[in-house]
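Look at the sequence and the model together, and keep both in view while reading. The paragraphs below go from single residues to the chain as a whole.

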Amino acid sequence: MVEHGHPTPESRSQTVLIVDDDPSILALCRKKLEEQGFKVLQASESPEALETCSRHNGPIHLLLADLLLPPKKLQLSAGPSKFPRMHGVELMRRVATMRPDIRVLLMSAHSDEVLKGYGIKRKEQWPFLRKPFNPDTLVRVVREVIAGPPIAPEVKGKGGGKEEEQKTDWYG
């Protein structure tokens, strides 16, 4: 059983990839999860997250990603990038194709109206954590999501599942 505030044996062997453009969120999540025994990888944008995902030897148990990941700076490119910029939902889909057993927890401080503008509705099937969140809530939700099933096959593609029958766990 999980003791409040103490690492569990399971968390000592679990890896979480945190993706957020806000350095304070990255630092908070990293500190709290490492205190609980998780191994933490982090990225501040989607291309960095995809590169980390492709290069990391060993499992990544959870992708904890912000929904809106704006580019850090304007970049000009002569050709297609191996790791393009994308928002959290597309990042989740690409990571899930690279790592089929991964669990996903998305987060955002934006209102439901703003999220709907990005195609994110409460009936969709991925877990979501509203910012700001309590660090203890973060740890509890991370453990719950890791204990659950991997991301659904419909999400790995472009969608097409029965949205009206899908349930989302929204935390916070």
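A residue counts as buried under 20% relative accessible area, as exposed over 50%, and as partly exposed in between, with a 1.4 Å probe and protein chains only. By this rule glutamate 51 is partly exposed, at 28% relative accessibility. This is a predicted model, in which local features need pLDDT of at least 70 and side-chain atom pairs count only at pLDDT 80 or more, while totals for chains, interfaces and linings use all residues. Residues are numbered from 1 along each chain as its sequence is written, and side-chain values use heavy atoms, with hydrogens and water left out.

The overall layout comes next. Helices (H or I, at least four residues) and strands (E, at least two) are DSSP runs numbered from the N terminus. The chain has six helices and six strands. Read from the N terminus, their order is β-α-β-α-β-α-β-α-β-α-α-β. Of the 172 residues in the chain, 48% are buried. Accessible areas come from the Shrake-Rupley method with a 1.4 Å probe, and for residues only the protein chains shown count as cover. The accessible surface of the chain is about 9400 Å², and carbon and sulfur atoms hold 53% of that surface.

A contact means heavy atoms within 4.5 Å. Among the contacts in the chain with a separation of 6 or more, 74% are between residues 24 or more positions apart. Glutamine 14 lies in the segment before strand E1 (15-19). Is glutamine 14 buried or exposed? At 15% relative accessibility, glutamine 14 counts as buried. Leaving aside residues up to four places away in sequence, glutamine 14 touches Phe38, Lys39, His61 and Ile146.

Helix H2 can be followed in the same way. The buried residues of H2 are Ser46, Pro47, Ala49, Leu50, Thr52 and Cys53. These buried residues pack against E1, strand E2 (39-43) and helix H3 (88-98). Axes are lines fitted to C-alpha atoms, for helices over the stretch in contact, and angles between N-to-C directions run from 0 to 180 degrees. The axes of H2 and H3 come within 10 Å and cross at roughly 10°. H2 is therefore roughly parallel to H3, since angles under 35 degrees count as roughly parallel, over 145 as roughly antiparallel, 65 to 115 as roughly perpendicular and the rest as oblique. On the H2 side, Ser46, Ala49, Leu50, Cys53 and Ser54 meet Leu91, Arg94, Val95 and Met98 of H3. The residues of this contact divide into six nonpolar, two polar and one charged. Here Ala, Val, Leu, Ile, Met, Phe, Trp, Tyr, Cys and Pro count as nonpolar, Asp, Glu, Lys and Arg as charged, and the others, Gly among them, as polar.

Charged side chains also pair up. A salt bridge is a side-chain nitrogen of Lys or Arg within 4 Å of a carboxyl oxygen of Asp or Glu. How many salt bridges does a search of the whole structure find? The search finds eight. One of them joins arginine 55 to glutamate 51, at 3.0 Å from N to O. Arginine 55 and glutamate 51 are separated by about one helical turn, because they are four residues apart in helix H2 (residues 46-55). Arginine 55 is exposed, with a relative accessible area of 62%.

Lysine 31 and glutamate 35 form another salt bridge, with their closest N and O atoms 2.9 Å apart. They too are four residues apart, in helix H1 (residues 23-35), so about one helical turn separates them. Lysine 31 is exposed at 53% relative accessible area, whereas glutamate 35 is partly exposed at 41%.

In helix H5 (residues 135-147), glutamate 144 and arginine 140 are four residues apart, which means a separation of about one helical turn. Salt bridges that share partners also join Asp20, Asp66 and Lys131 into one network. The closest N and O atoms of glutamate 144 and arginine 140 are 2.9 Å apart in their salt bridge. Both residues are partly exposed, glutamate 144 at 37% relative accessibility and arginine 140 at 41%.

The last stop is a peptide bond. From lysine 131 to proline 132 this bond is cis, with omega near -5°. Proline 132 sits in the loop between strand E5 (128-130) and H5, and is exposed at 81% relative accessibility. Proline 132 and serine 108 are 24 residues apart in sequence, and their C-alpha atoms are 8.2 Å apart in space.
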